[in-house]
Amino acid sequence: MDKFVINGGHKLYGEVNISGAKNSVVAILPATLLAEGPCRIENIPDISDVRYMLKMLSAMGAKITMVNPNTFDIDTSYLSSHTVPYELTKHLRASYYLLGALLGRDAKARVAMPGGCNFGGVRPIDQHLKGFEALGATVDMEENAIVHAEADSLTGNSIYMDVVSVGATMNVMLAAVKARGLTVIENAAKEPHIVDLANFLNSMGADVRGAGTDVIKIRGVSKMHGAEYSVIPDQIEAGTYMAAVAACGGDVLIKNVVPKHLEAISAKLIECGAEVIEGDDTVRVISNADDLQHCNIKTMPHPGYPTDMQPQMATVLTLAHGTSIVSEGVWDNRFKYVDQLVRMGANIEVNGKIAIIQGVDHLNGCSVKADDLRAGAAMIIAGLAARGTTEIENVIFIDRGYENVVEKFNALGADMVRVPDEGDQPGRMKSAG
Ligand code: EPU
């Protein structure tokens, strides 16, 4: 597998453009299944999760045309299959959105339980399935971990989510937009990507209201049409660059962002002593890395501190003066990456869902691995800030969610290269874990 080699210790200066949001686009692409006509989707990040999702749509019969690397025309008028096997879903957690979208389209779907990042705990989809059943679908598990959901027709209902779940909220939205009558999702997730999906569905003729609050009301429509839509900027990619500037020091203008989506991230960086200046669609981060101060983080569903920024921010705190406490409030086990930071000289103790970080003077480069996507992002930040050379293995996890990450950091003054695995055949498609 390819690796990244980073010579650390360079401050970051300049400008970086943020790509479209991974966690929006992986639901928006399946949502094109609901349209009776072609869709044009812009600001699609060129990442492996997108490539796998497009591959799944195309395997089902969708006609996909690349307009440019970030814009695709997708026509799902004709489908040859409503089944997505494990060989295709194993690469991507978000494959489960095909269940909701196929169910919403034709009231039938057979999708294998997906793969994706594993934080060491279980990643259940019981709330997704409970939502489909409430709409009138029968759901059963077939051989080869295939979830089969089917209904004569779907009817709107009131669904209370037992946990705040991004995936379940979006999946039920996809299934409900064409269901007869009114669907009400209570205790819905409120992340920016929920609003983005609702906006896309509404641009196709759906009637979704309240996205971004904890009650979403969906009035079923009988037909939906194709639409042109541009995906929102990636909150977590932006936050990752912000954290990198804080840890390395420097002055970087982060462009094509929605500053409102970054408020929780900005607030914590400011608490640590970085300066964050908001523009209309930019944030500028200025940091003197030597003066970082400790702070405490607790991850929570939006508008709380995002769990997908927890490893990156914990990395910043390894270099801050004093003791910081990081509590993970969303996932059971998201501290697997800590061992890698400790090998680089960080002082972190993990106790269940809490990490206690004593700031150190510096990190030392060494050989580490990306355990999952955001753990990989944390390794990049650590490598960029560390003294000496850091080698990061398993970068296919990072490829899942960061477009042109080497080029973007190098344009800011980093010294980072991708070293291809000598065993890899040129042109061979790599699996994304
Ligand atoms: N949960 C259940 N039952 C369910 C669904 C979720 O108990 O049916 C629990 C989970 O175990 C977890 C909590 O609810 O403890 C929240 O999970 P959620 O469903 O919100 O997560 P997800 O939809 O599977 C998305 C992102 C993750 C991100 C989480 C939380 C996508 C494709 N993934 O996952 O992103 O961590 O929301 O914000 O949108 C990443 O980008 O690195 C990533 C992992």
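Which residues in α6 meet which residues in α7? In this predicted model, Val166, Thr169, Met170, Met173 and Leu174 are the α6 residues of the contact, and on the side of α7 they meet His193, Ile194, Leu197, Ala198 and Leu201. Sorted by class, the contact of α6 with α7 holds 8 nonpolar and 2 polar residues, while no charged residue takes part.

Two packed helices are described by the angle between their axes and by the distance between those axes. Helix α6 covers residues 166-176 and helix α7 covers residues 192-203, and their axes cross at roughly 10° and come within 10 Å. Because angles under 35 degrees count as roughly parallel, this crossing makes α6 roughly parallel to α7.

A second pair of helices can be read in the same terms. Helix α8, residues 235-248, packs with helix α9, residues 263-271, at an angle of about 10°, and the axes of the two are 10 Å apart. The helices α8 and α9 are therefore roughly parallel to each other. On the α8 side the contact is made by Gln235, Gly239, Met242, Ala243 and Ala246, and on the α9 side by Ile265, Ser266 and Leu269. These residues of the contact of α8 with α9 divide into 5 nonpolar and 3 polar, with no charged residue among them.

The ligand is surrounded by 22 residues, of which Gln127, Ser165, Val166, Asp308 and Val330 are the closest. In the case of Val166, a polar backbone atom is 2.8 Å from an oxygen atom of the ligand, whereas for Ser165 a polar side-chain atom lies 2.6 Å from a ligand oxygen atom. Lys22 also takes part through its side chain, where an N or O atom is 3.3 Å from an oxygen atom of the ligand. Taken alone, the ligand exposes 830 Å², and 89% of that is buried by the protein.

Between His302 and Pro303 the peptide bond is cis, with omega at about 10°, and Pro303 has its place in the loop that runs between β18 (297-298) and α10 (310-317). The other detail concerns Ala107, whose phi is positive, at about 60°, although Ala107 is not a glycine. Ala107 lies in the loop between α4 (97-106) and β7 (108-112).

Key:
Residues numbered from 1 in each chain as written. Predicted model: local features only at pLDDT ≥ 70, side-chain atom pairs only at ≥ 80, totals over all residues. Heavy atoms only, no water. Axes fitted to C-alpha atoms, helices over the stretch in contact; angles between N-to-C directions. Helix = DSSP H or I, 4+ residues; strand = E, 2+ residues; numbered from the N terminus. Parallel < 35°, antiparallel > 145°, perpendicular 65-115°, else oblique. Contact = heavy atoms within 4.5 Å. Nonpolar A, V, L, I, M, F, W, Y, C, P; charged D, E, K, R; others polar. Near = heavy atom within 4 Å. Polar contact = N/O pair within 3.5 Å; in protein donor to acceptor, adjacent residues only side chain to side chain. Areas by Shrake-Rupley, 256 points an atom, 1.4 Å probe, with all protein chains shown as cover.
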